[in-house]
There are 2 protein chains.
Amino acid sequence: MNEIESSSPQSRGPADHNVRDQIVAAADEHFSRYGYDKTTVSDLAKAIGFSKAYIYKFFDSKQAIGEAICAQCLSKIIAAADEAVAGATTPTEKIRQLFKALVATSVSLVFNDRKLHDIAARGAGEKWPSVRAYAEHIRQFLTEIVREGREFGEFERKTPLDETVHVIYLVMHPYVNPLLLQYNLDHAEEAPAQLSSLVLRSLAP
Amino acid sequence: MNEIESSSPQSRGPADHNVRDQIVAAADEHFSRYGYDKTTVSDLAKAIGFSKAYIYKFFDSKQAIGEAICAQCLSKIIAAADEAVAGATTPTEKIRQLFKALVATSVSLVFNDRKLHDIAARGAGEKWPSVRAYAEHIRQFLTEIVREGREFGEFERKTPLDETVHVIYLVMHPYVNPLLLQYNLDHAEEAPAQLSSLVLRSLAP
């Protein structure tokens, strides 16, 4: 479950994926160096070596390119989380590894050495489709893990499943939502482990 | 424990509290209508009817006035929380009422009908002394409640007290820190109750 479609209605043009991918890759490189907010499609065209008109054949706005980058980035975070969960043997360990992988991968892909904060923050602030899909993926992870933990007798079963999943998501939200994560970077190292422990104590049967 | 000193090193001038209070009250009124970021000390002087020079006798910058307003506002939030906790009979109920009162009072004092977001966000972002004191107050509330809950046998005692207090604070942080609260207003109504339930399940002996 690690593909996030940008499902952006603004993507258009020939199904020439190769050129689209080239534009996205070059824009990603450019934005992560100079920032998204400060770059115009003209700047981008110059940097990539395509004409502005040619870029507009594939994307109808800077935001459409931003959404494609955002979707790609979130897919990588989900893939890392998927791998971390797959490598854990118990539901308890899966909760810990999921939270840890989501935060560590977000920090490294969005905040370390790369100026992608502004795309991420804008995507989260404006609730781009990829960001909504990402939140939905995390809820699915949690639903599966909590259900498994209940079946194994590792987690309590009194609280309704959707209530449990929702509140765990609320606890994770400030660290998995990039708009909020930028203000929580001070805690990003230890908070996932500490909050996982609290969540796991709350799940005790 | 409901007094938050602005403890701002920039406050100065004669100990003429009456004039200081007048300036703070008028500035509060002005900022909450026009916003803090957009107002200069000149605008303020004009609106209050004092000269700029006279205002500078009492505060050495707009930020010093902002800090005084911020401290006053946080004192009111702490007072509301104090009252809510005092009215609760059990430690369990105190956790619920504390969280609820902090968020409800913050929303009504900072976000409803008043443009004080920018002072609050700036204070939180720049870690003004009053904001740090506010966080410390909340930790004190939590320490007292958790200690009492342990004495009464209502809460578990295995986890070190400071660890428990710290992680509950982490859960509350996105809702009690105004910089983060502005992004969590969608959840501000139900999240405190839902997160309190999770915290209380984690505290079960």
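Q: What is the area buried between chain B and chain A?
A: About 2100 Å² is buried between chain B and chain A, with carbon and sulfur atoms giving 66% of it. In this predicted model, local features need pLDDT of at least 70, side-chain atom pairs count only at pLDDT 80 or more, totals for chains, interfaces and linings use all residues, and side-chain values use heavy atoms, leaving out hydrogens and water. Residues are numbered from 1 along each chain as its sequence is written, while chains are lettered from A and ligands numbered from 1 in the order in which they are written.

Q: Why is this area called buried?
A: The term stands for the accessible area (1.4 Å probe) that two parts lose on being put together, summed over both. The value of about 2100 Å² therefore belongs to chain B and chain A together.

Q: How many residues of each chain are in contact with the other?
A: There are 22 residues of chain B in contact with 22 residues of chain A. Contact here means heavy atoms within 4.5 Å.

Q: What makes A:Asp186 and B:Lys127 a salt bridge?
A: Their closest N and O atoms are 3.2 Å apart. A salt bridge needs a side-chain nitrogen of Lys or Arg within 4 Å of a carboxyl oxygen of Asp or Glu, so this pair qualifies. The rule finds 4 salt bridges across the interface of chain B and chain A.

Q: Which helices of chain B supply at least two residues each of the side that touches chain A?
A: They are helix H8 (161-176), helix H9 (178-181) and helix H10 (191-202) of chain B. H8(B) provides the largest share, 7 residues. A helix here is a DSSP run of H or I with at least four residues, numbered from the N terminus. By class, this side of chain B has 11 nonpolar, 7 polar and 4 charged residues.

Q: Why does the pair A:Asp37 and A:Arg122 tie together parts that are apart in sequence?
A: Let's look at the pair itself. The side chains of A:Asp37 and A:Arg122 meet in a salt bridge (3.1 Å, N to O). A:Asp37 lies in the loop between helix H1 (17-34) and helix H2 (41-48) of chain A, and A:Arg122 in helix H6 of chain A, so the parts they tie together are 85 residues apart in sequence. Over all chains, the count comes to 12 salt bridges.

Q: What makes a space in this structure a cavity?
A: On a 1 Å grid over the protein atoms alone, a cavity is a set of points where a 1.4 Å probe fits but cannot get out, and its lining residues have an atom within 4 Å of a point. A search of the whole structure finds 5 cavities of 30 Å³ or more.

Q: Which residues lie nearest the centre of the largest cavity?
A: Of its 15 lining residues, A:Cys73, A:Leu74, A:Val110, A:Ala120 and A:Pro178 lie nearest the centre. H4(A) gives the most to this lining, with 5 residues.

Q: What classes of residue line the second largest cavity?
A: Its lining has 9 nonpolar, no polar and no charged residues. Among them are B:Ile69, B:Cys70 and B:Pro178.

Key
Nonpolar A, V, L, I, M, F, W, Y, C, P; charged D, E, K, R; others polar. 1 Å grid on protein atoms, 1.4 Å probe; cavity = no way out; pocket = protein on both sides within 12 Å on 5 of 7 lines; lining within 4 Å. Points joined across faces, edges and corners; volume = space filled by probe spheres on them.
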